[in-house]
Amino acid sequence: MSEQIKTIGVLTSGGDAPGMNAAIRAVVRKALSNGVTVKGIKRGYAGLLAEEIIEMGRKDVSDTIQRGGTILGTARCLEFKEEEVQAEAAEICRKHGIDGIVVIGGDGSYRGAQALARHGINTIGIPGTIDLDIACSDYTIGFDTAVNTAMQAIDKVRDTSSSHERCSIIEVMGRNAGYIALWCGIANGAEDILLPETYDYNEQRIINNIIQNRKKGKKHHIIINAEGIGHSTSMARRIEAATGIETRATILGYMQRGGSPTCKDRYYASIMGAYAADILCEGKTNRVVAYRHGEFTDFDIEEALNMTKQIPEYQYQVSKTI
Ligand code: ADP
Ligand code: F6P
C-alpha cells in the first residue's frame, strides 16, 4: 500500500476488555495482507518503553478471537504523560523500524497515541473499553460482553432477593460512566438505577420507594449502583436500618471485564481492527476508529477527545418508568 509504511506495531492499553484479542488479530492479519510487517508491543506503553516487542505472524493470533483479556497484556504507565518519556518511546519505535502503531484502549490511551503522533510516529486508536464512554463512537469493544455478563449475574441475585424478600444493591463497573448500569437497569428490570452522571444522592427517595413497593407486595427490590457512586455496602446497611428490610450488597467487579467476547464484540473488534490497519498502512495518523450513526469511520484524535457524550435522557426516563 503506502511506500512509507513498512512496519506497524499494535498494543493494548488501560483496562482490558473482551474483544481486544479479536481487534489485535484483525490488525495483524489485515496489515500482513497489505504487505506490512507487524510487531506486537506487550504491556501497553510500559512494554514499549521496556522494548517488549515481538514480530507477529498470522499464526500468532490463531485461536485467540474467542479469548477474553488481551494476549499482549496491558498496563497503566503514568510516566507516559511526560514529554521526554514520549520522545524516548518514539525513538524506540524508530530503533525497531516501527512506522506506526495501532493503540487499542480508551481516552487515556488515545492521549498517549496523540503524543506519539506529535513525535513523528503514526498512530491510530481503536475504542477498547467496557464503559462505552468514548464520545465519538456509539460502540466500544467489550461493552456488549460486559453488560451480558452483568445482566446474567443480576438475574441470579434477583432470584435470591425474591426468595428471601430482600432488597439488593448490585454494583456494576463504571467509575465515570453509567452506561453498564443503565443498560442492566433496563435489561434486568431494576427498581432503581444510580448513575454517576445523574444520581442526586437523595437516599431518602430510594428508601421511600422501597417501602412503597413492599406495601404493594413486591418481593424484591433491585438497585443497580454504578462503581462511580460506590459505597454499596454502607448504603445497604443504611437502607436496612431505615426500612427494616434485609438489604445486601453485591459488587460484581472484574468478572465484567473478563470472559469470552460475545459475537457482537468479536464482530465490531474485527472490523475496527481491519479498518485501523488499513488507514495506518495508507499513511493516516493521529486518528481514531469509531462506529457512529451506523457506519465505521474515523476522527482526528483531538476532535474525538473534545467530543462529549451524555446519558440519553429518553432512555434514562424509560428506565425509571418501566
Ligand atoms: P484508558 O485508555 O482506558 O482511558 P487510562 O486512562 O488508564 O485508560 O490510560 C491508559 C494509559 O494511557 C495510561 O496508563 C498512560 O500510559 C496513557 N495516558 C493516559 N493519559 C495520558 C496523557 N495525558 N498523555 C500521555 N499518555 C497518557
Ligand atoms: O475498564 C473500565 C473500568 O472497569 C472502569 O469502569 C473503572 O473505572 C476502571 O476500569 C477500573 O480499572 P482498574 O481497577 O483496573 O483500575
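These legends describe close-up views of the two ligands in a predicted model.

**Figure 1. The residues around ligand 1.** Ligand 1 is surrounded by 15 residues. Those closest to the ligand are Arg-76, Cys-77, Gly-106, Gly-108 and Ser-109. Sorted by class, this shell holds eight polar, four charged and three nonpolar residues. Helix α4, which spans residues 107–118, gives the most to the shell, with five residues.

Figure 2. Ligand 1 sits in the largest pocket. Among the residues closest to ligand 1 are two glycines, Gly-106 and Gly-108.

**Figure 3. The residues around ligand 2.** The shell of ligand 2 consists of Arg-76, Ile-130, Asp-131, Met-173, Gly-174, Arg-175, Glu-227, Tyr-254 and Arg-257. Five of these residues are charged, three are nonpolar and one is polar. Arg-76 belongs to this shell and is also listed among the residues closest to ligand 1.

**Figure 4. Polar contacts of ligand 2.** The side chains of Asp-131, Arg-175 and Arg-257 each place a polar atom by an oxygen atom of ligand 2. The distance is 2.9 Å for Arg-257, 3.0 Å for Asp-131 and 3.3 Å for Arg-175. Taken alone, ligand 2 exposes 400 Å², of which the protein buries 83%.

**Figure 5. Ligand 2 and the two domains.** Ligand 2 takes up space in the largest pocket. Domain 1 covers residues 7–142 and 261–306, while domain 2 covers residues 144–258. Each of these domains supplies at least three residues to the shell around ligand 2.

Technical notes:
Residues numbered from 1 in each chain as written. Chains lettered and ligands numbered in written order. Predicted model: local features only at pLDDT ≥ 70, side-chain atom pairs only at ≥ 80, totals over all residues. Heavy atoms only, no water. Near = heavy atom within 4 Å. 1 Å grid on protein atoms, 1.4 Å probe; cavity = no way out; pocket = protein on both sides within 12 Å on 5 of 7 lines; lining within 4 Å. Sits in = over half its atoms within 2 Å of the grid points. Helix = DSSP H or I, 4+ residues; strand = E, 2+ residues; numbered from the N terminus. Nonpolar A, V, L, I, M, F, W, Y, C, P; charged D, E, K, R; others polar. Polar contact = N/O pair within 3.5 Å; in protein donor to acceptor, adjacent residues only side chain to side chain. Areas by Shrake-Rupley, 256 points an atom, 1.4 Å probe, with all protein chains shown as cover. Domains from an automatic or database assignment.
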